[in-house]
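User: Could you take me through this structure? I am new to the entry and would like to begin with the strands.

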Amino acid sequence: VQLQASGGGLVQAGGSLRLSCVVSGSIFAIYAMGWYRQAPGRRRELVAAITSGGSTTYTDSVKGRFTISRDNTKNTMYLQMNSLKPEDTATYYCNADLAIRAGAIRSQYWGQGTLVTVSS
């Protein structure tokens, strides 16, 4: 199983980016998915999460600016980031809670990270 995150880059404050995370490999079911971020010298934090049914949750600092979504037919998750601020600068990681076969224990998988830099 692999998670491939993409879409990061350099953007000015107030701009937008859309991150994508594609899950590939032998997968039975994907349950919750989420985006985390880690800035230099800081702990990794949950930015947004989405259940298999589409319920979402966001950290307070991104509410109203970021939107998480997923396309279960493509095993893909997205993070639309609008009104970006310099404090959003971080490496963003995708995470998936999934089972590789029926009856298997659910496990957490991580993508490699994509860097988002917001200039002031």
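**Strands, rings and a pocket**

Analyst: β1 and β3 pair in the antiparallel sense over five bridges. Two strands count as paired if DSSP finds at least two bridges between them, and strands are DSSP runs (E, at least two residues) numbered from the N terminus. The model is predicted, with local features needing pLDDT of at least 70, side-chain atom pairs counting only at pLDDT 80 or more, and totals for chains, interfaces and linings using all residues. Residues are numbered from 1 along each chain as its sequence is written, and side-chain values use heavy atoms, leaving out hydrogens and water.

User: Which residue in β3 does Gln2 stand opposite?

Analyst: Gln2 faces Ser24 there.

User: And what is the strand order of the open sheet?

Analyst: The four strands run β1-β3-β8-β7, with antiparallel pairing. At the edges are β1 (2–6) and β7 (66–71), each pairing on one side only.

User: How many bridges join β3 and β8?

Analyst: Six bridges link β3 (residues 17–24) and β8 (residues 76–81), again in the antiparallel sense. Arg18 has Gln80 in β8 as its bridge partner.

User: Which ring does Arg18 lie over?

Analyst: Arg18 lies over the face of Tyr78, 4.0 Å from the ring centre. The criterion is NZ of Lys or CZ of Arg within 6 Å of the ring centre and within 35 degrees of the ring normal. The charged end of Arg106 likewise sits over the ring of Tyr31, at 3.9 Å from its centre.

User: Changing topic, which classes of residue line the largest pocket?

Analyst: Its lining has nine charged, three polar and two nonpolar residues. Here Asp, Glu, Lys and Arg count as charged, Ala, Val, Leu, Ile, Met, Phe, Trp, Tyr, Cys and Pro as nonpolar, and the others, Gly among them, as polar. A pocket is an open set of points on a 1 Å grid over the protein atoms alone where a 1.4 Å probe fits, with protein on both sides within 12 Å along at least five of seven lines; lining residues have an atom within 4 Å of a point.
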